[in-house]
Amino acid sequence: MELEKLTAHGGDPATDQASGTRKVFIKTYGCQMNVYDSQRMTDALAADGYVGTETMEEADLVLLNTCHIREKAAEKVYSELGRIRGLKAERGRRGLETIVGVAGCVAQAEGQEIMRREGAVDLVIGPQTYHKLPDALRRVRDGEKIVETTYAIEDKFEHLPAPRRAEIVSRGVTAFLTVQEGCDKFCTFCVVPYTRGSEVSRPVSQILAEAERLADSGVREVTLLGQNVNAWHGLGPDGTEWGLGRLLFALADIPGLSRLRYTTSHPRDMDDALIAAHRDLPALMPYLHLPVQSGSDRVLKAMNRRHTADDYLRLIDRIRTARNDIAMSGDFIVGFPGESESDFEATMQLVRTVGYAQAFSFKYSPRPGTPGAEMDGHVAEAVKDERLQRLQALLLEQQRDFTARLVGTTMNALIEKPGRKPGQRVGRSPWLQPVIVDETAGEIGDIVSVRIINAGQSSLFAVPA
Ligand code: 5AD
Ligand code: SF4
């Protein structure tokens, strides 16, 4: 999963400890699945009497929902925890209790070690055990210190409460929906199979019920989430085994759900039915995040990706034949152990061949416990820096070109929220770009036809068509 961003979840201004209402502050690191998980934790805690706050200083419960995918993630968490320790002591002097919890992938990877290093932490809870959060908090309040990092994803999905209508409404017209979690691919650079466990698909009935609830609350666009979302499968109500393609058709039938997306996919799991969905399902947006990581077969093999650069290119040809306006997005790693200059050049060449609308690129960072970390031929930091710069310059140029080519075209935009300037609204293009329009263009939640009159690096400026 990608999207390096930081989000704080909170809600209504709340009363204080004395009045019996507790406040929770959740800081979210990393991918969209963490964003989704933080929302579901907020839901689970709401059922337990907690209200969200945007201010860490006034929170009775501070939760860090952490990411372990790349370098120094854990260190960032420890330095944040240091700050929180001070805060907890300061609140303590005012007679206020503060529970400090670490959730997410660092929690899963480090477990007990977190408490050993940072005494202020009361609770360490891995991504598969969030449904146990209310119970764990009760025990913490009774004076226990708790580390909960067992794997049981099915339990999590079964027991996490559904989002409440009011909360969905406050979250807007687009939503994430986790359909699959965990990964069995074991790419040699990646911690996900260790932190998120093995691949589990949520049952069809649960997914459809959650999607219906979202649609009822005004959500128009749903992004299905999974570390290997296109490996999702499940038994349909018709008694046959469904893949993601079939599921997308069922979701598109839900009244109100007009736009569907899914992320992140593995090239090996793009089956014919899913490619056909891109051809036949107008609700499925023409944008696909399909990471390749490298353009060199040698590196791909060392990464255990189990496909060649040519396999990937042929796959993209098939997808583009099915849906010719589809835009590609990807993830790349530079400086994997053993990557030579000519390996890197093969990546550059693949990028030139594909032409990406957007992409995420990273320097390889050895993750403890993964095979990559033990490999020979680690690449010097300066070389990684230099390669990353060249790759990002190329990707940026492609992104600019892609955006610029849309000027003069007409497209549908989903109006999402008020703009930064008065009188403006921000919509979303089929290709995920923000579309800035006048507020007269439509109400929030409307899908309107707009003509693009200008473009920035990644945003579009439009007028009603
Ligand atoms: N080093 C650098 N990048 C990584 N990613 C995953 N693990 C590592 C690592 N050890 C990148 C991959 C993946 C994205 C989510 O993060 O490109 O697709
Ligand atoms: Fe990590 Fe590879 Fe699984 Fe993606 S497919 S989550 S990169 S192991």
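In strand β11, the bridge partner of T178 is L225. That pair belongs to β8 and strand β11 (residues 221-225), which are joined in the parallel sense over five bridges. Two strands are taken to pair if DSSP finds at least two bridges between them. Helices (H or I, at least four residues) and strands (E, at least two) are DSSP runs, numbered from the N terminus.

Before I continue, a word on conventions. This is a predicted model, in which local features need pLDDT of at least 70 and side-chain atom pairs count only at pLDDT 80 or more, while totals for chains, interfaces and linings use all residues. Residues are numbered from 1 along each chain as its sequence is written, chains are lettered from A and ligands numbered from 1 in the order in which they are written, and side-chain values use heavy atoms, with hydrogens and water left out.

Let me return to the sheet. It is open, with three strands in the order β8-β11-β14 and parallel pairing. The edges are held by β8 (174-178) and β14 (259-263); each has a single partner strand, so one side of each lacks a neighbour in the sheet. From one strand to the next, the twist averages 25°. Helix α10 (residues 244-252) packs on this sheet and touches β11 and β14, its direction making about 150° with that of β14. Contact here means heavy atoms within 4.5 Å; axes are lines fitted to C-alpha atoms, for helices over the stretch in contact, and angles run from 0 to 180 degrees between N-to-C directions.

Helix α13 (residues 309-322) has 14 residues and spans 20 Å from its first C-alpha to its last, close to the expected 20 Å; the expected span is 1.5 Å times one less than the number of residues. Which residues of α13 are buried? They are A309, Y312, L315, I316, I319 and A322. Viewed down the axis of α13, its buried residues fall within an arc of 140°, so they line one face of the helix. The arc is that of the directions from the helix axis to the C-beta atoms. Among the elements covering these residues are α11 (272-280), β15 (287-289), α12 (297-302), β16 (327-334) and α14 (341-354). Buried means under 20% relative accessible area, exposed over 50%, and partly exposed in between (1.4 Å probe, protein chains only).

In helix α1 (residues 32-46), 15 of the 15 residues are buried. The helix reaches 21 Å from first C-alpha to last, close to the 21 Å expected.

Finally, the salt bridges, defined as a side-chain nitrogen of Lys or Arg within 4 Å of a carboxyl oxygen of Asp or Glu. The count comes to 39. In helix α2 (residues 73-93), R83 and E80 lie three residues apart, about one turn, and their closest N and O atoms are 3.3 Å apart. R83 is partly exposed at 46%, whereas E80 is buried at 10%.

E386 and R390 form another, at 2.9 Å; they are four residues apart in helix α16 (residues 381-405). E386 is partly exposed at 37%, and R390 at 27%.

The side chains of E181 and R196 also meet at 2.9 Å, N to O. E181 lies in strand β9 (residues 180-181) and R196 in the loop between α8 (192-195) and β10 (200-201), so this pair ties together parts 15 residues apart in sequence. Both E181 and R196 are buried.

A network of salt bridges links E221, R259, R261, E416 and R428.
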